[in-house]
Amino acid sequence: MAQPLHADPEPCVLVGDSESDIEAAQVAAIGYANKRGKRTRLAKAEAIIGSMAELATMLAGEEL
């Protein structure tokens, strides 16, 4: 994903709301459990968030 943008992939994350998104990330993924029951389906994610505010907190290095 980072290659077309000529970006360093190390600091990149993929935020997805489906199992295929998490599998696509391959390295680091944050699952977006925006609907009931998604936390279980996104269990392979490195982390799971329930809102974009939680994402901002996580990326800022703060505790959720």
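View 1. The protein holds three helices and three strands, where helices (H or I, at least four residues) and strands (E, at least two) are DSSP runs numbered from the N terminus. This is a predicted model, in which local features need pLDDT of at least 70 and side-chain atom pairs count only at pLDDT 80 or more, while totals for chains, interfaces and linings use all residues. Residues are numbered from 1 along each chain as its sequence is written, and side-chain values use heavy atoms, with hydrogens and water left out. Of the 64 residues in the protein, 23% are buried (buried means under 20% relative accessible area, exposed over 50%, and partly exposed in between, with a 1.4 Å probe and protein chains only).

**View 2. The largest nonpolar core brings together seven residues.** Its members are Leu14, Ile22, Ala25, Ala29, Ala33, Leu42 and Ala45, a core being a set of buried Ala, Val, Leu, Ile, Met, Phe, Trp, Tyr and Cys residues joined through side-chain atoms within 4.5 Å. When residues up to four places away in sequence are not counted, Ile22 touches Gly16, Ala29, Ile30, Gly31, Leu42, Lys44 and Ala45, a contact meaning heavy atoms within 4.5 Å.

**View 3. Lys38 and Asp17 meet through their side chains in a salt bridge (3.4 Å, N to O).** Lys38 lies in helix 2 and Asp17 in the loop between strand 1 and helix 1 (19–25), so the pair ties together parts that are 21 residues apart in sequence. The structure holds one salt bridge, defined as a side-chain nitrogen of Lys or Arg within 4 Å of a carboxyl oxygen of Asp or Glu. Lys38 is buried, with a relative accessible area of 9%, whereas Asp17 is partly exposed at 30%. Beyond the residues up to four places away in sequence, Lys38 touches Asp17, Tyr32 and Ala33.

**View 4. A nonpolar patch on the surface is formed by Val13, Val15, Met52 and Leu59.** Together these residues have about 340 Å² of accessible area, with areas taken from the Shrake-Rupley method using a 1.4 Å probe and, for residues, only the protein chains shown counting as cover. Patches are made of residues with over 30% relative accessible area and no salt bridge, like charges being joined within 9 Å and nonpolar side chains (Val, Leu, Ile, Met, Phe, Trp, Tyr) within 5 Å. Val13, found in the segment before strand 1 (14–16), is partly exposed, with a relative accessible area of 43%.
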